[in-house]
Amino acid sequence: MSWDIGNQKPLKREPVNEQIMELEGYLDDTKAKLWLYKFLKENVTFATELLTGIELFPFQHMAVKAMMENDYFLGIWSRGMSKSFSTGIFALLDAMMNQGVHIGIISKSFRQSKMIFRKIEDISLDKKSELFRQCIGKVSKSNDEWSMQIGKSRITALPLGDGEKLRGFRFQRIIIDELLLMPEKVLNEVIMPFLAVVENPTERQKIKDAEDAMIEAGKMTEDERTEWPSNKMIGLSSASYKFEYLYKMYQAYENMIFNPGAKNQGRRCIMQFSYDCAPKALYDENLISQAKGTMSQSQIDREFNAQFTDDSAGYFKISKMAECTIEDGESPAVEVAGEKDAEYIMAFDPSWSESETSDDFAIQVIKLMPEKKKGVIVHSYALPGTNLKKHMTYFKYILDHFNIIMIVGDYNGGVQFINSCNESDMFKKEKLEIGVFDPKLDNPHDYEKDLRDARRGYNKSSNTICILRKPVSNWIRSANEMLQTAFDRKKLYFAATAMDDNYSMQKTKKIPIKNLKFSKYEDEKNVGAKMIEFIEHQKDMIDLTKAECALIQVSTSTGGTQSFDLPSNLKRQKGVDRPRKDSYSALVLGNWGMNIYYDMMDMPEEQNYGFTPMFI
């Protein structure tokens, strides 16, 4: 471990501990309180243990102290290094010791924002936290805002999606968990303006004018000017790829720390902790061993070694997929219900097992852009260990709320699933039946003829819209090449995060959210809060799809057959959190289906100009 000081202006600080050691005699109540306050603010570990009963590890002390003393804190930490816990400690200490501050907690999802908030609540509930608990006033929890009053200070956790709601707040501290996943546009256009607005500007100007006059008169120097407390931004994240904006921010911070150009640009601190910086008591060695068996070296470097890495080494480049991702805040964004006039293709890769270690039942919904012959993945589902009825309920929800014009499924398991849907009470009750047609489409020489046959078999009015694709080796190769081409030529896009108007629009959609199981982490019973989680969850599923694609490697057998699969070390894993590839598989099916649909619709409708015999 190393510590580089950099070339920033040294922090003005009082030698509080030394001053206290020199105190003698009796202190009245006012002075005693003042010195106690100074002592606690200077000695973070002691203050934390006194107020909460928690003894910090040295690296946690360093982190909390750095958060308190710097304007911009960037923490690139290994997974499991207590990011949320350490930040929770900072938030409660800052709220107590700097009365009147408003601390905002924002993350990629409301669930993640609430995690830090819950850490603070959990700390307060411990029997050793009596002093801290006495400082807490009102705690309120609505669908889209959690708030805790600590004296005159307030801690507020918010969802990211509603940008307009964010703009309505004024924070002196911004805590961003999972900074890597925070849209750059939100950071620049919403978060950073918070930090530009200062408190008591009139008072500051009066004192500045007075100090200008004193400096001009030679009664004080520039170094003696009043230093006002700055607003703060605390960003926490795992490391990213080098082409992502987090690495650019890291480089910018580094440059400002070692080569500070402009004055008054704020103090910055970077703390980069790999897992081996953590005390043995904090880290579970089994976690590291399991990670080394279930992750690629590039993932381990980012997640545990806190190292920024280059592009992915798989068949599908993560950089290419990043270029095919709609910028957050733009359209199309993720959708929980489709647009009325839009057309969608649904692809699914079924799984029948109810074991938590099973494959995911995966679904991808692609929104068509017919004028450009392109598509956008706007909705995704991936869930293991769930009974068939839950999958069928979700499948029907998509049919009911998206204008699905074609379904493509894996033949292995797909036949049984479609039959089960058609025979189920929920389908029969609404007289809904999905028809299957079986175009060949395997021989390139007969492709036009096969397309005409497919066009004849396809019938939207009778709901004969489903193809169940047999995964033969030639098709697997060509379908994967087709997906790679889609990324290279930007024919298939990943939807943006739903924000501002898109977010508000999706939040008001009437869907059967009560009946939908979409995540193994679901814990929300409130319909409004569950809807927010569902919208945010869609972006997680889009990211999961990209991550699965990035892991795929191609190998060739001695017979010349190509295989597209996870690396062998990842395939051997059997646990609940083992790597999976089912969202990728559904995407391969969906992209193939999109291309077939466009080609099929481009075929001219057949007209009969021949002789028609008739009886006289």
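**Exercise 1. What order do the strands of the open sheet of eight strands have?**

Solution. This is a predicted model: local features need pLDDT of at least 70, side-chain atom pairs count only at pLDDT 80 or more, and totals for chains, interfaces and linings use all residues. Residues are numbered from 1 along each chain as its sequence is written, and side-chain values use heavy atoms, leaving out hydrogens and water.

Step 1. Read off the order: E3-E4-E5-E2-E6-E7-E1-E8, with mixed pairing. Strands are DSSP runs (E, at least two residues), helices too (H or I, at least four), numbered from the N terminus. Two strands pair if DSSP finds at least two bridges between them.

Step 2. Find the edges. Strand E3 (136-142) and strand E8 (268-273) each have a single partner strand, so one side of each lacks a neighbour in the sheet.

Step 3. Take one pair. Strand E2 (residues 102-106) and strand E6 (residues 173-176) run parallel over four bridges. Isoleucine 106 stands opposite isoleucine 176 in E6.

**Exercise 2. Is strand E10 (residues 361-369) enclosed or open, and which strands does E10 join?**

Solution. Step 1. Check burial (under 20% relative accessible area is buried, over 50% exposed, partly exposed in between; 1.4 Å probe, protein chains only). Nine of the nine residues of E10 are buried, so the strand is largely enclosed by the rest of the structure.

Step 1. List the partners. Strand E9 (residues 344-349) is antiparallel to E10, with six bridges. Strand E11 (residues 374-383) is also antiparallel to E10, with nine bridges.

Step 2. Look at the turn. E10 and E11 form a hairpin with four residues between them, and lysine 373 there has a positive phi of about 55°.

**Exercise 3. Why is the pair of tryptophan 352 and phenylalanine 417 classed as it is?**

Solution. Step 1. Rings of Phe, Tyr and Trp (its six-membered ring) pair if their centres lie within 6.5 Å; planes under 30 degrees apart are stacked, over 60 edge-to-face, the rest tilted. The whole structure has 35 aromatic pairs.

Step 1. Tyrosine 247 and phenylalanine 308 are buried.

Step 2. Tryptophan 352 and phenylalanine 417 have centres 6.4 Å apart and planes at 70°, so this pair is edge-to-face. Tryptophan 352 is partly exposed at 32% relative accessibility; phenylalanine 417 is buried at 0%.
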